[in-house]
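Student: Could you take me through one part of this chain up close, and then show me where that part sits in the rest? I'd like to know how a residue's surroundings are judged.

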Amino acid sequence: GSGSADGARGLRFTPVAPNTADQVTVPAGYAQNVVIRWGEPILRGAPAFNADKQTAAAQAGQFGYNNDFLSLLPLREHGRQVLVANHEYTDEVLMFKGYDAANPTREQVEIAWAAHGLSVVVVQEERRSGKLTPVSRHYLNRRLTATSVFRLTGPAAGSDLLKTSADPTGTKVLGTLNNCAGGTTPWGTTLHGEENFNQYFANGTSATDKRYGLGTGATERKWERFDKRFDAAQEPNESHRFGWVVELDPYDPDSTPRKRTALGRFKHEAAQPRLTRDGRPVVYMGDDERFDYFYKFVSSKRMKKGNSRSAREHNLTLLDEGTLYVAKLTGDSPAAEIDGTGKLPNDGEFDGSGVWIPLATGDVSHVEGMTAEEVYVFTRLAGDKVGATKMDRPEDVEPSPRTGRVYVALTNNTDRGKAGKAGADEANPRNLNKHGQILELAEHWDDPSADGFAWRLFLVAGDPEDPATYFAGYPKETVSPISCPDNVAFDPHGNLWISTDGAQLGSHDGLFGVATLGERRGELKQFLTVPKGAETCGPIIQDRRVIVAVQHPGEIDGATVEKPASVWPDGPGRIVRPSVVAVYRKDGRDIGV
Ligand code: FEO
Ligand code: CA
Ligand code: CA
Ligand code: CA
């Protein structure tokens, strides 16, 4: 792909038309294979999947449910890579025959605990095709679940706010929950956002519980009946131990994954690092809630290069020391020109400037009336106090490897402009925003640690025939319709790839590619669609292969195991299974060209 080195050539596949087929639909000339399904054994001793004989012990050695974020890391074994996957949540009605939501059994609950978390599984590529298959029982393969041991590190570790009756040290947590998107670090670890953790905790009482969305009664899954730590009335601090960014070292199967308190606690969608010129990591992070904030963390330590033990040990401390910031954005057009309809202001762009407001550095709080520990554990309240910009659900974020510009998916916000809620502003320009937008952020002097930035909306999503849409100024006659951008990724050529969740345009969700530079900037094309009820997650775009996580296929109101809405991936009579899919060109050439 040398001719497309600057991403200017765009993407040359024939777009997939919007559709509602119960399959993964790919462009002409492309093939696909299911890499791994929910329940496939990955650990030594794990049994083959049997939908009618599920056990917690089996699930703990099998690939988890609802794959979301994916990372692929290099491995010094021929044709092999390490796949790391998030398992965001469980859909019990689609997992268990005859599931009684009012009375789940202990076994069902323990299977759900084991189906959450993370998987590490080595994958093998088939020679002369893009096909990928799992290498079961590889020594690096690993499952981390809702009951595995995690360590809290950084400035809030050991805080009274993080102590429970089971853990008086405030440093040792059982489990990770609701891992949505994530990131891959330049030092060979993976980051995993703990997103909607609130849903697992019953009987929230405090003002901070309310700000974080804990319910005041029983939870939907009723886990509090089987472990009192899920009952906030009995263990008020247990929920404080979720909502963090987890760092995992997939190359060390004995390592304890860390929850990095320096990165703050909120509904972490994702966490994507880039390095400053002097080698310090900067991590961009969204809090996926209507009217919540966009953050970054700037480490005070430099990454050490190389794979020596001492370099790896040093690099595993990079995310424990630094400064946490929240974003405040200001538009450059008169407020009167932002009327909430999505009509472009007179200068022709939704754009402006922004500042990064520091919240805490190590043990020092920059927020009046809050200690540093409070800033880290109740980061949303710190953002409220300093007047951060209320965004339209910040989801995934990705810096361009070519330009350093940072792309932020703002998925939608149907409450924007409602009575008592914030109205449109230049960065969030549509009231009752169903389709979302993508923001492009340029740090001052392209320095990731800068305290200010410029921004513009790259994409205002929707049906291109809707005048309230914008595709970076590209003529809209030929672009694909898109709604609810969620995950974003770059290919090696600098094209941005966008996956969607919640499409509102009559088509299933899918994956799209778009050039961000040159004369084809904004020429958005749909690359694939996913089965009924599914969301497209975790896209990884390599030279010759696209990998997507098909999350929650068949998740339609009223659907059950007995009455499925989808029969993907194995056809009628087989249980629907969230799975990872690889897509590649039949002729073996590069993707997209
Ligand atoms: Fe789990 Fe914000 O999507
Ligand atoms: Ca403007
Ligand atoms: Ca997401
Ligand atoms: Ca989403």
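This is a predicted model: local features need pLDDT of at least 70, side-chain atom pairs count only at pLDDT 80 or more; totals for chains, interfaces and linings use all residues.

Tutor: Arg 393 has 26 C-beta neighbours inside 10 Å. The cut-off for buried is 20 or more such neighbours, so Arg 393 counts as buried. You'll find Arg 393 in the loop between strand 20 (391-392) and strand 21 (394-399). Its backbone is worth a look too: phi of Arg 393 is near 60 degrees, which is a positive value in a residue that isn't glycine.

Now hold that up against Asp 446. Asp 446 isn't a glycine either, and it has a positive phi of about 50 degrees. Asp 446 also sits in a loop, the one between strand 23 (437-443) and strand 24 (452-460). The cut-off for exposed is 12 or fewer.

Leu 439 belongs to the largest nonpolar core, a group of 148 residues. Leu 439 is also listed among the members that touch the most others, along with Leu 263, Leu 359, Val 408, Leu 459 and Val 548. Leaving aside residues up to four places away in sequence, Leu 439 touches Val 408, Leu 410, Ala 427, Trp 455, Leu 457 and Phe 458. There's a general pattern behind this kind of grouping: in soluble globular proteins, nonpolar side chains tend to be buried together.

For another covered stretch, go to strand 9 (residues 179-184), where six of the six residues are buried. Strand 9 runs antiparallel to strand 10 (residues 190-194), and four bridges join the two. One pairing you can find on screen is Gly 182 with His 192, its bridge partner in strand 10. These two strands make a hairpin with five residues between them, and there Gly 188 takes a positive phi near 85 degrees.

Next, find the open sheet of four strands, which run in the order 1-32-31-30 with antiparallel pairing. Strand 1 (30-37) and strand 30 (535-541) are at the edges with a single partner strand each, so one side of each has no neighbour in the sheet. From one strand to the next, the twist averages 25 degrees. Strand 1 pairs with strand 32 (residues 579-585) over seven bridges in the antiparallel sense, and Tyr 30 has Arg 585 as its bridge partner there. Between strand 31 (546-551) and strand 32 there's a loop that holds Pro 569. The peptide bond joining Trp 568 and Pro 569 is cis, with omega about 0 degrees.

Finally, zoom out to the chain. It has seven helices and 32 strands. Its radius of gyration is 23 Å, close to the 25 Å that the globule rule gives for 593 residues, so the chain is as compact as a globular protein of that length. Along the principal axes, the C-alpha atoms fill a box of roughly 60 × 60 × 55 Å. Of the 593 residues, 56% count as buried, and Arg 393, where we started, is one of the buried ones. Among contacts with a separation of 6 or more, 62% come from residues 24 or more positions apart.

Terms used: Residues are numbered from 1 along each chain as its sequence is written. Chains are lettered from A and ligands numbered from 1 in the order in which they are written. The radius of gyration is taken over C-alpha atoms; the globule rule is 2.2 Å times the number of residues to the power 0.38. Two residues are in contact if their C-beta atoms, placed from the backbone, lie within 7 Å. A nonpolar core is a set of buried Ala, Val, Leu, Ile, Met, Phe, Trp, Tyr and Cys residues joined through C-beta atoms within 7 Å. Two strands pair if DSSP finds at least two bridges between them. Axes are lines fitted to C-alpha atoms, for helices over the stretch in contact, and angles run from 0 to 180 degrees between N-to-C directions.
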